[in-house]
Amino acid sequence: MFLNEIERVETIAACRFCPMCNIADGVAQLTCRESNSPRGRGAILFALEQGLLQWDECVAEIMFRTINDGLLREWCVGRYDHEELVIDARSRLVRNGLAPEEVRRYLDAARRETGAESLPATLRSAGVRIDPAAECVLYAGRFVAREALDAFIAAGRLFNCAGIPFNVLDSEPDSGFDFYMLGDFQGAREASVRLSEALRRAGCKTLVTLDSTCFRMITTRTERFGGDLSGIAVRYYTSDLADWLRQGLIVVPQRVDARVTYHDPSSLCRYADEMEEPRRALRAFAADVVEMRAHGRLASTDGADGMLAILDPDLARQLAARRLGQARETGARILVTPCPRSAAMLKSAGHDDLPQVACLVEFAAAATKHS
Amino acid sequence: MKGDLIRDIVRTELIDIVGRDNVSVQHAERMTYAFDYYLVPQMWADRGRKPSLPDFIVHPKNTGEVSRIVRLANRHNIPVIPYGGGTGTQGGTVPLFGGIVLDLKKMNRIVRIDEESLTVTAEAGVHGQTLEWECNKLGLTLAHYPASQFGATIGGYIAARGSGTLSTKYGKAEDMVLSIEAVLPNGEAVRTLPVPNHACGPGLLPLFVGSEGTLGVITEVTMRLDPIPQERCFRAYLFSDLRNGLEAGRRIMTKRLRPCAIRLYDPNSTHRLLRHVLGVSRDGAYMVVGADGDADGVEREMRLIDDICKSLEAEDLGREPGEHWWKHRYDFYFPPFTLKLPQLFGTVESTTTFDRIYELYLAKKKCIEEGYSDWSADYIAHFSHWFPWGVMIYDRFIINKPPQDPHEAIELHASIWGDAARCSIAHGGTLNDHHGIGFKLGWLMPEQYGAAWPVMQMIKDQLDPAGIMNPGKLGFRRK
């Protein structure tokens, strides 16, 4: 859907022959299998096109065991979009009922969900003020609403602290990112329309998202899936945070002493060019911020990408552990990342070793608590 | 492999050695091991023909497992194809006769970096780029920068006798390797002497370097390291005539200067390739030359190089295009800049001494452009790995509209290769400089070695009497 037929065929032709981005594929590096490499997937898709291979469960396992973090396209001088090619293959598998069982179960459960009902009550019970008349909507997204409510509360507190009125959707619809990434385009279409209609009903003019994958979905895919976002500005919360700090709306009494490093979630660094604002915000809270070797557009995955954890949670954790190892090499005691989904993934791979993992929004809320 | 029962028996024996997760017989998995970077198998499949698939993919985790797998293969008389990154261009890992592909990438431990002696010991499956990154953390570098660096393994570096962009100073893979551990075709693991320079007989190390998995499986490698240079700089020159460029390179090397790179493009490459990829549009012979080391040394080296180039009427294009070339040196190998199907192409590179290189260039250009004018064959060349005694010519033929019929296309491909290789040999050159032999060039090995070829074959027969190791490669007789 997102590659036209010419792009799809050219991408297969380019990838099936080329090993130049193998080093950038986290799954290929960990599994050590050609079939998990970009070239291997290219060869498989080519063989399927040529009738040399059949779509089957083995192909499905391979296409869903990918990290799809955008690093391959970034690494590729020709900018071939291998990740989108994989999503296209996933959509064919989903349409033909060949997706792995774990993926089917996940999609079925996601389809049955009606939206996050309790977000306003959750914020109010935490003492966060919501303004139902506000044109700015703070959006949690499915993952944050289910797994990272602390981050959502922290974001609400920062809004309050900066004196910016905001609203939360009564029954917050899913962004549809998970459907899109898993190749369920029908599910993504329905979610996109539902979300845009809910935002219109709420009179939203500015949408601020917390989950980086939702930000990516809403800024790059929602309208292409039929959602109408005209007149709605979509922002990632770190832009607001950096603005508030610049304008003095938020004051930081004391910066953290410990060495801190920053992890770029792929949805921000490679799909939204959102790299400077979070760093600017972080530097306001921490005095000693160092970069990992792989950072910015070439940052390694945190393991949360590509919905890999659904099929292979252990592999996703290994990727997260690898990223933690890279953070450790900097000597940092704290690894900060803005996306709650990324933070959760990294935390799941951490043990008692340093660095500690922190989500920027919680880090910021804690630092401004007494201001 | 014939027969479902024996296939299943072998599969269970392999599982016993490496575990279920490390053996695959799935069709899709096997398909991904049917190709390397060699054009012909790709072209074959491109025209709808079934590729040669391996029967088993096996991922050993240590030398002991490799030994047991090779013994099993001997017992059942099954081919074993050692596989690293699969980035070779000669078909060296293509499983022509099925069998066991031994993917070594799980043997990816860096055993030791010796900061005192500047050496690194690592298992064969370590990625070249990963090793480089790990060495860089300690201020060291392997300084081996082949175009395959992002995919190739160090075992592959040695097995294919490869070369990197800075080989002119740092040497080819064969110059960097100190010792190896290898599993012989009988399953026995052996080590070569700990250092390559000695007087303890002829030395086993050279036997395995470039053996492409036909004489055993390289499982561990010790290589030389260098400190990361304080400074590295590049400069570009334009010669009105290729001969002057070659002469400049010769003088640089025979005066025993130590540039890290000299890359001289022939007029056709200068005109086409550089404009296409680097946005440089000039006629003549374009040369990029670089030096690295401490700042004073680099400054002195570059001044002497500059004197030589200017004495041969080169136009100094300055540092910027040279640095641009270094920064974008791998761009040529990414699609869409690389050649691609349905084009028919081949890198027919060779190496010879300075006194013969220009004649070799002219002869090969004529051989391809005139010999295959019916196919509008194009010929491009550059000279990029320089030795104290000669230079490598990296030359290519390109046919934009080859025959659609796969048999005709393969026949044409082989014909050009045969003519080009014989032309190289006739002018004192070699079949190949740094890509290896594989099955692409194996058939020409007896011509390359002449009366010495039976010696090579005898070595193969002694070490691998059953002929299980990577059959069909390097020109050895198939059992």
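**Aromatic contacts in the predicted model**

Over all chains, the structure holds 30 aromatic pairs. Here rings of Phe, Tyr and Trp (its six-membered ring) pair if their centres lie within 6.5 Å, with planes under 30 degrees apart called stacked, over 60 edge-to-face and the rest tilted. This is a predicted model, so local features need pLDDT of at least 70 and side-chain atom pairs pLDDT 80 or more, while totals for chains, interfaces and linings use all residues. Side-chain values use heavy atoms, without hydrogens and water, and residues are numbered from 1 along each chain, with chains lettered from A.

B:Tyr38 sits in the loop between helix 2 (27-31) and helix 3 (39-46) of chain B, B:Phe439 in the loop between helix 15 (406-426) and helix 16 (445-449), 401 residues apart. Helices (H or I, at least four residues) and strands (E, at least two) are DSSP runs, numbered from the N terminus. B:Tyr38 has 5% relative accessibility and so counts as buried, whereas B:Phe439, at 22%, is partly exposed. The cut-offs are under 20% relative accessible area for buried and over 50% for exposed, with partly exposed in between (1.4 Å probe, protein chains only).

B:Tyr145 and B:Trp326 are also edge-to-face, because their ring centres are 5.9 Å apart and their planes at 75 degrees. Both B:Tyr145 and B:Trp326 are buried.

Over in chain A, A:Phe2, A:Phe177, A:Tyr180, A:Phe185 and A:Phe225 make up one aromatic cluster.
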